[in-house]
Amino acid sequence: MRAGFPDFRLGTVLATSFTGTLSERHGDAVERIPTPHRLVDWLAVYGLAVDSCTPAQLDLARELRESIHAAATAAALQDALPASAVQVVNDRSAQGRAAAILTPEGKRRWRLSSPSRVEDALGVIAADAISIIAGERDGKLALCASPTCQAAFFDTSQSRTRKWCDMNTCGNRQKKARFNANQRKNTGSAE
């Protein structure tokens, strides 16, 4: 990873992890892919390695990220999907050329048509978003309970009642805030 950038928030679901490259959307937003090279890094973490990325390709990626976020948020709220977001997701899915391959360990991986085509990697992300938003995977779209985050995430817990996009960040922050408030209340009542 390149020094000087915020850490990636890694998840197990490609599409919602991609939307997490912009976090704290309702607070002090944190852009986790501020440069083309940082997008290359993120794609490599998810097995979608590309050789390079241009500023224009980074713009396409951010447009896809925001479209997935808008559509996933609408789906989580059971609202109508925004037509413009659906169009971007569909366009990126159709423009990407990648093949699913089976590894010797029995895992699915993606082979991009060219190691330099960011559009192919975006097509994989868009296809993942489509499978989640269309309800084809076992789980439920939800929104983070943190008032500054409200990220869309895919809840695969058994009860489907997860509250936080990431327990180590949003969940921990909320638990610490609750603990500190209780400490102040207890200290104040002891005086």
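A residue is termed buried when its relative accessible area is under 20%. In this predicted model, R65 has a relative accessibility of 3% and therefore counts as buried. The side chain of R65 meets that of E66 in a salt bridge, with an N to O distance of 2.8 Å. E66, by contrast, is partly exposed, at a relative accessible area of 30%.

E66 also forms a salt bridge with R25, at 2.5 Å from N to O. Because R25 lies in the loop between β1 (22-23) and β2 (30-31) and E66 in helix α3, this pair ties together parts that are 41 residues apart in sequence. R25 is buried, with 19% relative accessibility. A network of salt bridges links R25, E31, R62, R65 and E66. Elsewhere, R117 and D120 form a salt bridge whose closest N and O atoms are 3.0 Å apart; R117 is partly exposed at 22%, whereas D120 is buried at 0%. The count of salt bridges comes to nine.

Helix α3 (residues 55-76) packs with helix α5 (residues 118-133) at an angle of about 0 degrees, the axes being 11 Å apart. The two helices are therefore roughly parallel to each other. The residues of this contact comprise 13 nonpolar, one polar and one charged. Among those in α3 are L60, L64 and I68, while the α5 side includes L122, I125 and A129.

Helix α2 (residues 36-45) is mostly covered, with seven of its ten residues buried. W42 is one of these. The buried residues of α2 pack against α1 (14-19), α3 and α5. Just after α2, G47 adopts a positive phi of about 75 degrees.

Note on methods: Residues numbered from 1 in each chain as written. Predicted model: local features only at pLDDT ≥ 70, side-chain atom pairs only at ≥ 80, totals over all residues. Heavy atoms only, no water. Axes fitted to C-alpha atoms, helices over the stretch in contact; angles between N-to-C directions. Helix = DSSP H or I, 4+ residues; strand = E, 2+ residues; numbered from the N terminus. Parallel < 35°, antiparallel > 145°, perpendicular 65-115°, else oblique. Contact = heavy atoms within 4.5 Å. Nonpolar A, V, L, I, M, F, W, Y, C, P; charged D, E, K, R; others polar. Buried < 20%, exposed > 50% of the residue type's maximum accessible area, 1.4 Å probe, protein only. Salt bridge = Lys/Arg side-chain N within 4 Å of Asp/Glu carboxyl O.
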